[in-house]
Structures are given as structure tokens and as C-alpha cells.
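Please read them with the model open beside you.

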Amino acid sequence: QSTWGKNATKEAKLAEQERLAEDALWMDGDKHVKRKEERKATREQKKNEKQDKKSENAKMLEDEEQNMAGGATGKQSVQQQKMTRHQIMTFEDHKDAHNSRTNNNADENDIKLQPNLNREIGINDSGARNVEEAIAQLTVDGDAGIDLHPEKRVKAAFKSYEKFRLVGLKGEQPGLRLSQYKDIMWKEFQKSPQNPINN
């Protein structure tokens, strides 16, 4: 049995040496990889420390707030936040509504009526019941018959003049090009009573 025991220990030692040799083969001995792993470990450690510090600060703040609330001796320790104008107005409206409900002795005559700004501006109410009547009220007297923008209708008037005059002009002056006929018609149209600008 002693020889068998020696062989077993010898085999165990050989197996251990083979395992260590294989581990050494697989072990990455590159110094850049080691530095990278060290930096990673350092970063994780710093991250954990920062997180611990944050939680500790939060705990201290909570304790401090509890101590301050306890030391207020009955006073409200509500922090004031900045209010917007809209919030102030709605708060005042709610307060006024609450006061009016609780104050039943208020007279109805105390309600202030706001003036109609349309009347102050000068828009007169002479009974306009539709858009045309309102426009007629807004126009200045005497301007109703004056055409303010005749140049907007010149193109359409020239087209109708061109249809009418082209046939007669071709009879008077045969053999001209269309552009020459149009030039002649345009010169005539400038002096024509059908031109809205001449009216």
C-alpha cells in the first residue's frame, strides 16, 4: 500500500503541476492589460465611494431637516417657492371667491362694471346688422364711388380689348406678327376709355 500511496501522491503532484502550467499558459501577462484592469478596478472603487458619500449626504440632510422641523416649535417650516403672476392671480381669485361666499352681507350694487371699450374707441353703433352695413359705416362719406385700385383690373380689361380689337387690326394692317399686333393694341389701349386707369 505504501507504493500505491507514493504513486498517488506523485500523480497528484504531477496533476497539480500540469494545472499550474496550464494556468500560466492561459494567464495574460501583458502589462497593458494589467494596467487596464487596475484602472477599471480603481474606477469602480471611486464610483462606489462616490455613491456611498452621496447616500451619506442624503441621510445627513434628512436628519438635519427632521431636526429643524422639530426645533420649529409649532411654526410652519414650509419652504416658500417663487410664484408666477398667474399663480398669484388665481390665488387671489380663489380668496376673493371664498370671501364673497362667507360675506353674505355684501351688496349687489358694489359690483364694478367694466366699460365697453368698443364705444370708447369710437366705433358707432348705428344699427349695422350684417357685414355690408358695417363696411358701409366704416367707409368715409364721398369715397364710396371712387375706385381705389383700378390697376388690378387692367390685365383683364386688356384681354377683353385684345379680343375685340385684334380682328379689326388684322383687317387694317395685314401681314404683321402677333407681337407687333399686341404692341399696337397696347398703345391704343393706353388711350382707350376701356382702360380702368383712364376712368
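Predicted model: local features only at pLDDT ≥ 70, side-chain atom pairs only at ≥ 80, totals over all residues.

1. As for the chain as a whole, 8% of its 199 residues count as buried. Where contacts between residues at least 6 apart in sequence are considered, 37% of them join residues at least 24 apart.

2. The largest nonpolar core consists of nine residues, namely Val154, Ala157, Phe158, Tyr161, Leu166, Leu169, Tyr181, Met185 and Phe189. Helices α6 (154-172) and α7 (178-191) each contribute at least two residues to this core, and α6 provides the largest share, with six residues. As a general matter, nonpolar side chains in soluble globular proteins tend to be buried together.

3. Tyr161 deserves a separate look. Leaving aside residues up to four places away in sequence, Tyr161 touches Met185, Glu188, Phe189, Ser192 and Gln194. With a relative accessible area of 8%, Tyr161 is buried, because the cut-off for that class is under 20%.

4. Four aromatic pairs are found in the whole structure. In one of them, the ring centres of Tyr161 and Phe189 lie 5.5 Å apart with the planes at 45°, and the pair is therefore tilted. Since Tyr161 belongs to helix α6 and Phe189 to helix α7, this pair ties together parts that are 28 residues apart in sequence.

5. Phe189 is buried, at a relative accessible area of 0%. Phe189 also forms a tilted aromatic pair with Trp186, at 5.8 Å centre to centre and 35° between the planes. These two residues, Trp186 and Phe189, are three residues apart in helix α7 and are thus separated by about one helical turn. Ring pairs link Phe158, Tyr161, Trp186 and Phe189 into a cluster.

6. Which residues make the nonpolar surface patch of about 290 Å²? The patch is made by Met83, Ile88 and Phe91. Of these, Ile88 is found in helix α3 (residues 85-102), and Ile88 counts as partly exposed because its relative accessibility is 37%, which falls between the limits of 20% and 50%.

How values were computed. Residues numbered from 1 in each chain as written. Heavy atoms only, no water. Core = buried A, V, L, I, M, F, W, Y, C linked by side-chain atoms within 4.5 Å. Buried < 20%, exposed > 50% of the residue type's maximum accessible area, 1.4 Å probe, protein only. Helix = DSSP H or I, 4+ residues; strand = E, 2+ residues; numbered from the N terminus. Contact = heavy atoms within 4.5 Å. Patch = residues over 30% accessible without salt bridge, like charges linked within 9 Å, V, L, I, M, F, W, Y side chains within 5 Å. Areas by Shrake-Rupley, 256 points an atom, 1.4 Å probe, with all protein chains shown as cover. Salt bridge = Lys/Arg side-chain N within 4 Å of Asp/Glu carboxyl O. Phe/Tyr/Trp six-rings, centres within 6.5 Å; stacked < 30°, edge-to-face > 60°.
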